[in-house]
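Student: Before we start, could we go through some of the terms used for this model and see what each one rests on?
Tutor: Gladly; have the sequence and the structure open while we talk.

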Amino acid sequence: MLGERDPGTASPAPEGKTVTRLLHVSSSPRGAASESLAIARTFLDSYRETHPDAEADTFDLWDGSLPEFGPAAAGAKMTVFADEVPTGAQAIAWQAAQDTFHRFAVADHYLFSVPMWNASVPYVLKQFIDVVSQPGMVFAFDPDQGYTGLLTGKKAAVIYTGAVWGAERGSAFGRDFQQPFFDDWLCWAGVTDITTIRFQPNLATPRRRRRAPGCPRPGARRRQDLLSPAPPSGQRYRPTQPPGHLPSRRRARRRTPPTPRRSSVTSTISRDELKAGLDAGTTTAVDALPESYYAQQHLPGALNMVADDVEARAGELLPDKSAAIVTYCSNPACQNSAQVAAKLEQLGYTNVRKYADGIQDWVEAGLPTETGIPAAR
Ligand SMILES: Cc1cc2nc3c(=O)[nH]c(=O)nc-3n(C[C@H](O)[C@H](O)[C@H](O)COP(=O)(O)O)c2cc1C
């Protein structure tokens with residue numbers, strides 16, 4: 001296998017004492033105006049209170065210390081992939097990548113501040129990923145088995161911010177390649193314990209522009225209130241917007257263009273009925289969201305199957321075609337659950353229903369969820 005673990009990844013423990021290290025990787029250049037950095041500051045204050053012996057450091061990706069990953073570095077990567085040793089300019093570039101990786105890998109806990117930029121992440125964060133994602137550092141590679149992430153045993157909290165895109169706002173407001181991209185990179189690197197913090201002030205709401213500056217919507221929480229309850233250590237945040245900035249569900253429904261869908265024939269199930277079926281073990285829930293979302297949070301005992309996988313996996317995961325199956329995804333605007341339900345019905349499943357309000361409704365009702373990916377699925 002290419003890429004033995006780099007010895008520099010181990011956290012030194014002076015005088016036999018284990019020091020926990022948190023690294024805040026900051027990708028917003030907006031300083032005092034930054035939403036993600038304001039949340040990060042609150043998070044760090046809380047972290048220091050709950051981890052008084054830990055060391056916390058910030059890596060500002062905009063401070064000029066992040067090396068480029070250009071011709072020499074890319075050449076060095078391919079040289080290492082060919083099991084050879086980089087020389088000359090390649091060696092210098094490779095050393096810079098190693099130094100950056102060591103600064104990153106020495107931490108046990110990560111906090112990332114990640115604004116949405118043009119539907120994805122700021123380019124410095126991609127540059128950081130390109131610099132540190134090296135064989136023997138972030139991953140190992142085997143021609144038969146593929147990649148193995150080497151950053152195991154670490155925890156990450158990711159602050160995702162955005163101002164226009166929203167899961168309930170429809171495709172005219174953009175698409176989300178921010179969280180799927182970054183969560184996927186973390187999981188690929190071996191960091192699977194991920195806590196998500198999402199903050200999305202809706203700059204796309206016309207009513208907001210008409211309101212006098214500083215006047216919150218009736219019933220809305222001020223931004224200060226949203227930041228003040230510091231995230232307790234280890235608590236999982238739902239990957240949704242804070243309540244004060246969500247358009248009401250009724251309004252979100254009205255805004256979504258009515259698209260004729262075959263799935264509209266799938267009948268729905270209420271939260272209470274679904275809970276009763278899950279508690280009794282008579283209903284199987286199917287989470288229709290991508291695996292990174294499922295790993296963060298899903299309904300108790302739910303299976304994970306996206307629409308593209310139904311044909312290949314339904315027979316194995318759901319052998320009884322008359323069993324009670326309920327598909328769900330994020331919220332009423334999310335169409336994944338309808339697509340999975342429609343495909344199951346096409347395959348001959350006779351008792352498929354859809355929990356249209358989705359996991360957002362389940363969590364808002366205070367019901368329990370599970371995280372992670374079961375070993376045998
Ligand atoms: C260059 C740039 C591109 C942006 N692109 C998007 C976008 O595609 N979708 C979106 O919802 N918000 C977009 N935004 C808005 C930011 O994501 C939003 O204001 C976020 O809260 C900024 O985080 P920060 O304050 O921590 O920098 C963009 C902002 C900038 C500066």
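**Strand pairing, burial and the ligand shell**

Tutor: In this predicted model, strand β11 (residues 324-328) and strand β12 (residues 352-355) pair in the parallel sense over four bridges.

Student: What makes β8 (residues 267-268) and β12 a pair as well?
Tutor: Two strands pair if there are at least two bridges between them, and two bridges join β8 to β12, in parallel.

Student: Why are the buried residues of helix α2 said to line one face?
Tutor: The buried residues of α2 (residues 71-81) are Ala 73, Ala 76, Lys 77 and Val 80. Seen down the helix axis, they fall within an arc of 100°, and therefore they line one face of α2. The face turned away from that buried side carries the exposed residues Pro 71 and Met 78, while what covers the buried residues includes α3 (88-105).

Student: What makes up the shell around the ligand?
Tutor: The ligand is surrounded by 17 residues, the closest being Ser 28, Ser 36, Pro 115, Gly 162 and Val 164. The shell divides into eight nonpolar, seven polar and two charged residues, and helix α1 (residues 35-50) gives the most to it, with three residues.

Note on methods. Residues numbered from 1 in each chain as written. Predicted model: local features only at pLDDT ≥ 70, side-chain atom pairs only at ≥ 80, totals over all residues. Buried ≥ 20, exposed ≤ 12 C-beta atoms within 10 Å, placed from the backbone. Arc of directions from axis to C-beta. Contact = placed C-beta atoms within 7 Å. Near = placed C-beta within 6 Å. Nonpolar A, V, L, I, M, F, W, Y, C, P; charged D, E, K, R; others polar.
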